Structure formats: C-alpha cells, structure tokens
Amino acid sequence: MASDSTLRPTTRLRALLGTEQLDFIMEAHDGLSARIASEAGFPALWASGLSIAAALGVRDNNEASWTQVLEVVEFMADAAPAPILLDGDTGHGNFNNFRRFVRKLETRGIAGVCIEDKIFPKTNSFLRGAAQPLAAVDEFCGKLKAGKDAQRDGDFVIVARTEALIAGWGLAEALRRAEAYRAAGADAIIVHSAKSRPDEVLAFLDAWANRHPVLLIPTKYYTTPAEVFAQRRVAALIWGNHLLRAALPAMQQAAARIARERSVAGVEETLAPLAEVFRLQGDEELHAAEARYLAAAPQRSAIILAATRGSGALHPLTTEVPKTLLRVDGVTLLDRLCDNLAALNVRQLNAVAGYRAETITRTGLRRFDNLAWAATGEVASLACAAEALEGPCLIAFGDILCRRHLLQVLLDDEADFAIAADRRIRGTPVGTAAQPRDLLRLTAAPAHDFLDAETALVGAANSADFAGYDAEWIGLLQCSARGTQLVRAWLEEARARPDFNRLAMVDLLADLVARGQRVKVHLFSGDWTTIESAYDLAGASNL
Ligand code: SPV
Ligand code: MG
C-alpha cells in the first residue's frame, strides 16, 4: 500500500510508518538526488538538513533560511514520486513559526516533517553533540501540538526526534521525552545516537516496547545489521547523508584530475554520459509533450530573386558583385534578409542568382542560376527556381531592406496570396527622370497613411506615372501552399507567352487578380527601401 502511487504522498508515508516490516528511507538534497533515490526503489525520502545545507554550501546551523529550504524541497517533490519526510531541524522558531512551516510544507507536496528537541539555531548532532542544549519538554510538546493542529491533510506526518542520547542526558530522559512527544501527538519518534555501537538505541527500543512507531538514523552504528532493528519492529531506517557523501569523492577526484591534466579527456569515460543527465531530467516526457501540445512548426521556405546587377547608377558599386551583395552597415542585403527569415523560422532559403552568380555562396542558401539574366526579367528568374515552389513560400526581391516585423506579418498570413505595400510611393531625386515603380491599385485605400492596415489588390503595373495608383509594392509575395502551386502552374503556362522574358512580378500579381484570385495587401508606412542608387544605399543606414 505504501508504494501505491495513486495515493497521496502523506498517505503513503503514514502507511509506511504503520507496517510491520522495516522500511528504508534514503537521504536526498535536491531534485536530482531525489529522483535517483526514488528510482533506486526507496519508498520514501529523507530531505536531510545536513545534506541540503552542504549542497547549498553552508553549515548545518540553520544558515539556510526556512524559505530557502522550502524551495529545495519543492524541487525534490516535483522531481520524485516517493513521499518526502523533511528534516525540519527545530521547526525554525517557536510553535507559531512551526505551524506556519507545516502549512507551507503541505502546499509544496511534502509528506511529513521531523523536528528535534534542540534550540534554534541548531548544530548537527555529530558536532559537539554533548554540548548542545535541549529544548524544554513542555515547550517542544506545544510546538508538536501546534503543528498537528495546523496540518490540513490528516495524513501529514509529524515526527518528534529526541536528542537526549546525543546530549548525554541518558536513557531515562530519552524515554521520558519520547513518551511526552507521543502524548503530544507526534506520529512517530526518532531517537538519535552518535555512538558507533547500537547499545543505547537497543536499550531504548527494548524499554519503549514498541508503543509507538520509531525511526532510526544509524549513521554511526551503521555496521549493525538491519535485521537487528527489524526484529525490534523499528518502522524505518533513515540513511541520512549517503548520496551526498557518495557524490563528494566523485566530484573531488574529477575536479582534481581535470585541473591536473588540463583536459577532460581522461575523465570522460568515468562520468555519467550526458544522455543520462537528460534522462534524469525527464527530457523524454517533454519531447512527447511537445508532440502533443506544440503546433507543428510551419514548413516555411523563401525564394529570393537576386539575379540583377542593378541600374546603371549602381554600376560603379556592382562591378564585382550583384546588387544583393551590396552592404548596408557592413552586412549585405542578402545576408540581412536571410538572417531575418531564418530568425522567423524560414527553414529552406533559395535564391536565384544571375549577374556574378558565383559570388552568392551563403551557407545553407540553395542557389538557382538564371544564366540568361541579362536578357530576362523577374518572372523568368522565378521560373528558374520553380522546383523550390513547394508549401508555403515567400517570394522576395533580393535588393530590399526591410524591418523584420514586416516579414513576420506576411509569413504569418495564411491567405493564398499576401503582399506588402507602402502607401507612400517613393519619390525620385530632384533633377533625375521619374523612375518606374511597382505600383498597386487597391480595393480601399485606408484613411490613415501612418497605420499598418490591410486591404486587397485590384491591379498592378510597373510605371513611372503614379496617377491612379494607391501604393507601391514592397517586393514581397507570401503564398500559401495552394498559392505556391498556383504560381507554379502560372509559370508553366506563362513560359509559352512571347513576352515571357520581359514579365515582371507585378505582371504575375495583376494576372492573379484578373483571374479572380484574392491578393491580400498589408499596408505599411516606410520601414523598408530598395536600393537603386548610391543615394538609396547611403539612406538605407537610417533604416
Ligand atoms: C540530517 O541528516 O540532517 C540529520 C541527521 O539531522 S544527522 O545528521 O545524523 O543529525
Ligand atoms: Mg538534520
């Protein structure tokens, strides 16, 4: 019954105290050691004050505050199914502090607490034990009663530990105290001893005559066979500090050897493999939970059209590289776009290269070459990457610079076709001829030009005459899986057109709309630019 994991930890610990058989309770001091002890099959754990303090790097003198202890035992309870009996030292104050402590332990899933009849701040029983003052019996009994009255779960266990033998007050005093604590409501008694022989403990057990459950901590009289205690119907033996002490030489030897050898190669095979660390942390459960609860990450891809050298105005800058490799603040347009897309979970990045194609070598970027780049347009370039048109896909110009949120809005859009547009059509520097732009006509131009908004496309063209247009295309087309297939089919069909090599992406957009496809338009204000001149390049830093 004690190991029935459907029962509350409190109920399991209580049952363990009541059985005829001798049980073994293992020390643990953090979540990891609690899990290890629990896996080893111990039906309950002793959250040792000594070990918790040592693991925290402090002394067993109440140097760790009671709230810090609470934090530790909460990790332990979360990590291990076995019920936890906390070494509560002296109860962290008087009756009032103790009853509050009991309530808090219950909320953290702790099954029981043991308090000892010493004075706060206590010292470990094996350090100058004979010099340690004991609490007044009445005061300690009041503390036990307050704890029992405070517990909300009737099965929560409170163990009273007498230090009468440790302090050298003798058997009669140990018996007197144990009886007083039993009468005050303690669920079990611990009589502690620092002797290497069990005689005084056995004398206690014989006189006690099993009138109430007893637990022992045979740290010093460890050579006594457990059978001796089983015969006297001791409820449980607590192995008080052994996992902590097992870890110490392992850590010390590994640390010394690594320092000495200036390498970890020598110790590697003596260490737990990382896989064991992950197993103990429960990674497998998380992995399974992710499959259940996390939406599958969308398989996003992008095709970047990066074949152009750029207009004549840029030629002094693009002698060696295509336009997409021009740098703004030291980073190429292509890298910046790819980095942003990668940060937005776009896994498959493709680019169509043309002019100086061999200079596009970014790792992880799949390159398609448009060998006829000098005589063809954007659509012909896209057709070179037709086989990459699979699943949701973003088609992007390689010469744009835009803020990441703009990409995010499009990538998150599940419409078959979604594009980004700027309500402000970029001007042309004074004294130069008006440059043709990718212009859009929209169903309804929003009232404000400073708010991001959403509308739909009516028509599109590359034109130097802005009249009748509502916005400029930002050079980004997000297609759903279905949209991508439609684009692929459209490209197949378009290849037969006599003007195929001259087609621009806006022609594709216009044709989609003409065929009744809805092209959703996200309107932005600024937050992007294309590079068409050294003037644009200089201004791009501001973005
Ligand atoms: C502890 O483990 O912290 C104990 C047992 O209280 S002993 O160290 O033996 O006092
Ligand atoms: Mg202790």
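This is a predicted model: local features need pLDDT of at least 70, side-chain atom pairs count only at pLDDT 80 or more; totals for chains, interfaces and linings use all residues.
A pair of aromatic rings can be described by the distance of the centres and the angle of the planes. Counting ring pairs with centres within 6.5 Å gives seven aromatic pairs. One of them joins phenylalanine 24 to tryptophan 239, with 5.6 Å from centre to centre and 10° between the planes, and this pair is stacked. Phenylalanine 24 belongs to strand 1 (residues 23–28) and tryptophan 239 to strand 8 (residues 236–239), so their contact ties together parts that are 215 residues apart in sequence. Phenylalanine 24 has a relative accessibility of 27% and therefore counts as partly exposed. Tryptophan 239, with a relative accessible area of 23%, is partly exposed as well.

A second example brings together phenylalanine 397 and tryptophan 473. Their ring centres are 5.1 Å apart and their planes lie at 70°, so this pair is edge-to-face. Here strand 14 (residues 393–397), which holds phenylalanine 397, is tied to strand 19 (residues 471–479), which holds tryptophan 473, because the pair links parts that are 76 residues apart in sequence. Phenylalanine 397 is buried, its relative accessible area being 10%. Tryptophan 473 is also buried, at 3% relative accessibility.

Charged side chains meet aromatic rings too. Arginine 211 places its charged end over the ring of tryptophan 208, at 4.4 Å from the ring centre. In the case of lysine 220, the charged end sits over the ring of phenylalanine 126, and the distance to the centre of that ring is 4.9 Å.

Terms used:
Residues are numbered from 1 along each chain as its sequence is written. Chains are lettered from A and ligands numbered from 1 in the order in which they are written. Side-chain values use heavy atoms; hydrogens and water are left out. Rings of Phe, Tyr and Trp (its six-membered ring) pair if their centres lie within 6.5 Å; planes under 30 degrees apart count as stacked, over 60 as edge-to-face and the rest as tilted. Helices (H or I, at least four residues) and strands (E, at least two) are DSSP runs, numbered from the N terminus. Buried means under 20% relative accessible area, exposed over 50%, partly exposed in between (1.4 Å probe, protein chains only). A charge sits over a ring if NZ of Lys or CZ of Arg is within 6 Å of the ring centre and within 35 degrees of the ring normal.
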